[in-house]
Amino acid sequence: MTVTESGGELPSEALAPGLTPMQRFRAILGGSAGNFVEWYDWFVYSSFALYFAKHFFPKGDETAQLLQAAAVFAVGFLARPIGAWFMGLYADRAGRKAALTVSVSMMCAGSFAIAIIPDYSMIGTAAPVALVLARLVQGLSLGGEYGASATYMSEMAGKKRRGFWSSFLFVTLILGQLTALAVLILLQNVLSPEDLAQWGWRIPFAIGGVLAIVVFWIRTGLEESQSYLTAQAEGAERSRTMLLFVKFPKETATIFALTSAGSLAFYAYTTYMQKFLVNTSGFTKDMATAITAAALLVYMIAQPAFGALSDAVGRKTTLVAAFLLGTIFTYPIFSKIAVTTDPTMAFALMCALVLILSGYTAVNAVLKAELFPAHVRALGVALPYATANAIFGGTAEYVALWFKKEGMESGFYVYVATIMGLAFLVALTLRDTNKHSLITED
């Protein structure tokens, strides 16, 4: 039995398999709301780094300051595997709903902390230390969020349109990034450059904390997934870390490899691109923000289309195409963006990159969930994903800026293309999860 929002009880048989389209939509919407807030809070840091970096790292030129801010961004990623491990086990043992509620609470705490941390001029080296600690809390939160939300949404999506509905996990991820940029654009137009650089950058972190409180309330009313309830009723083996490496070594390694390339490309094509447009192409900060926001809007709208495409042609097909095209076109497109002065051209080229990557991002959550049985699914999705994210996604900006500082900026393009090429080879070995999914509910 499970308790509804009104306090009544429903038998577990009445849950996911029997959901109407509207009920399924509400479940997906509720499950993804926290994902939106989590990623908004996460990307606010990167979006506003151009403004707050000097407050925590006052020494050096702009590239040096951004390099130090990027290092803290990477540190946050180091906490994500720990969060993924803990929350993955928690979601498999206590339920998806419980893990989702805890993760958004932690993100709330991290956001409010950054909003109020005094800068270097007030507390010296304690300022960057406090910033690192806040990012570690956010990293723990986000590491746990992905596995729980990806698992929950995939289990609630339904077999026939699982790719389509699960793609909304990435829709809300991009929406979080877009919202962060929208707040930046709004503040750029409302506040003077001096006020934005002095104190205005704190506003978006406070907004994130408030949004997290709202989502916490929403998530307390979510229904548990049928897959989890069935596994518990059947007395499935208790989720343990070693199960991933003893019983599912191929699946774990596959998720690590695909995520390594997907995360690296995502942060290169989107998060770092805003800085690339300023620091390399020579666009103003306002123009770089506008170009990035417009391309992200296209990217977000494309996700359900690619998710639906995967329902028709297979998740494996879209993944293979994404990594093959990324291998071929990353270098020439980055090289062209580096020398263009036309905003329309920069926008078109960025759109080309994110549309290529959509073949991965729209289906990555559901594909990973389909590789594992319910009793270990959240941990299996979260841990290899977060580990690869920490190593490749979290260091993307730092590596890019290092190549630039050393006068070898094109080396970063080669690096991204190479990792995508390796993921292409791994994608070729995948089974057709559309036909052989371990999510058994319809």
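This is a predicted model: local features need pLDDT of at least 70, side-chain atom pairs count only at pLDDT 80 or more; totals for chains, interfaces and linings use all residues.

Two packed helices are described by the angle between their axes and the distance between the axes. Here axes are lines fitted to C-alpha atoms, for helices over the stretch in contact, and angles run from 0 to 180 degrees between N-to-C directions.

Q: Why are α9 and α14 called roughly parallel to each other?
A: Helix α9 (residues 168-190) and helix α14 (residues 249-279) pack with their axes 12 Å apart and at an angle of about 10 degrees. Angles under 35 degrees count as roughly parallel, and α9 and α14 are therefore roughly parallel to each other. On the α9 side the contact is made by Phe170, Leu173, Gln177, Leu181 and Leu184, and on the α14 side by Phe266, Thr270, Thr271 and Gln274.

Q: What makes Trp217 exposed?
A: The relative accessible area of Trp217 is 65%, and exposed means over 50%, so Trp217 is exposed. This residue has its place in helix α11.

Q: Which residues form a nonpolar patch on the surface, and which helix gives the most to the nonpolar patch?
A: The patch is formed by Phe112, Val210, Ile213, Val214, Trp217 and Ile218, which together have about 570 Å² of accessible area. Helix α11 (residues 203-219) gives the most, with five residues.

Definitions and conventions. Residues are numbered from 1 along each chain as its sequence is written. Side-chain values use heavy atoms; hydrogens and water are left out. Patches are made of residues with over 30% relative accessible area and no salt bridge: like charges are joined within 9 Å, nonpolar side chains (Val, Leu, Ile, Met, Phe, Trp, Tyr) within 5 Å. Accessible areas come from the Shrake-Rupley method with a 1.4 Å probe; for residues, only the protein chains shown count as cover. A salt bridge is a side-chain nitrogen of Lys or Arg within 4 Å of a carboxyl oxygen of Asp or Glu. Helices (H or I, at least four residues) and strands (E, at least two) are DSSP runs, numbered from the N terminus. Buried means under 20% relative accessible area, exposed over 50%, partly exposed in between (1.4 Å probe, protein chains only). Angles under 35 degrees count as roughly parallel, over 145 as roughly antiparallel, 65 to 115 as roughly perpendicular and the rest as oblique. Contact means heavy atoms within 4.5 Å.
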